[in-house]
Amino acid sequence: MMTSGLHIHKEDKMATAFVDFNVVKETVTVEKAISFLALTMRRKGDQLRGPCPACKGGGDRALAVNIPKNSYYCFAEGKGGDVIAFTAHIKGQS
């Protein structure tokens, strides 16, 4: 069974889920992730800026999202990455 990048494999009475992260990166934009995560950010050209709800530091421009590159950078933490890393950072997951 496949649902937009999510594959369910049934083996020996147990179901395991496989997420194709390449499909996720191709279909989910950082703007969609911002909406999903209910973040409030301000637009400045091709960039969105706001406070980082994960780090709770660095001021009201600590979190920067680059729309054309579909990436983010957190100045409070000094790290950035793609839309998956962005979501993991905000949700506090590795």
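**Pocket, strands, core, cysteines**

Helix 3 contributes five residues to the lining of the largest pocket, the most of any element. Before going further, please keep in mind that this is a predicted model. The pocket itself has a volume of about 320 Å³. Helix 1, residues 21-27, helix 2 and helix 3 are the elements that each give two or more residues to its lining. In total 14 residues line the largest pocket, and those nearest its centre are Val-24, Phe-36, Val-83, Ile-84 and Thr-87.

Next, the strands. Strand 6, residues 63-66, pairs with strand 7, residues 71-74, in the antiparallel sense, over four bridges. One of the bridge pairs is Asn-66 with Ser-71 in strand 7. These two strands make a hairpin with four residues between them, and in the turn Asn-70 has a positive phi of about 55 degrees.

Strand 7 also runs antiparallel to strand 8, residues 79-82, and four bridges join the two. Here Tyr-72 has Gly-81 in strand 8 as its bridge partner. Strand 7 and strand 8 again form a hairpin with four residues between them, this time with Gly-78 in the turn at a positive phi of about 75 degrees.

In soluble globular proteins, nonpolar side chains tend to be buried together. The largest nonpolar core in this model has 17 residues, and the ones with the most contacts inside it are Ile-34, Leu-39, Met-41, Leu-63, Val-65 and Phe-86. At least two core residues come from each of helix 2 (30-36), strand 6, strand 7 and helix 3 (83-91). Taking Ile-34 as an example, and leaving out residues up to four places away in sequence, Ile-34 touches Leu-39, Met-41, Leu-48, Val-65 and Phe-86.

Last, the cysteines. How many disulfides does a search of the whole structure find? The search finds zero. Cys-55 is in no disulfide, and the nearest cysteine sulfur to it belongs to Cys-74, 3.6 Å away.

Cys-55 counts as partly exposed because its relative accessibility is 30%.

Key
Residues numbered from 1 in each chain as written. Predicted model: local features only at pLDDT ≥ 70, side-chain atom pairs only at ≥ 80, totals over all residues. Heavy atoms only, no water. Pairing = 2+ DSSP bridges. Core = buried A, V, L, I, M, F, W, Y, C linked by side-chain atoms within 4.5 Å. Buried < 20%, exposed > 50% of the residue type's maximum accessible area, 1.4 Å probe, protein only. Contact = heavy atoms within 4.5 Å. Disulfide = S-S within 2.5 Å. 1 Å grid on protein atoms, 1.4 Å probe; cavity = no way out; pocket = protein on both sides within 12 Å on 5 of 7 lines; lining within 4 Å. Points joined across faces, edges and corners; volume = space filled by probe spheres on them.
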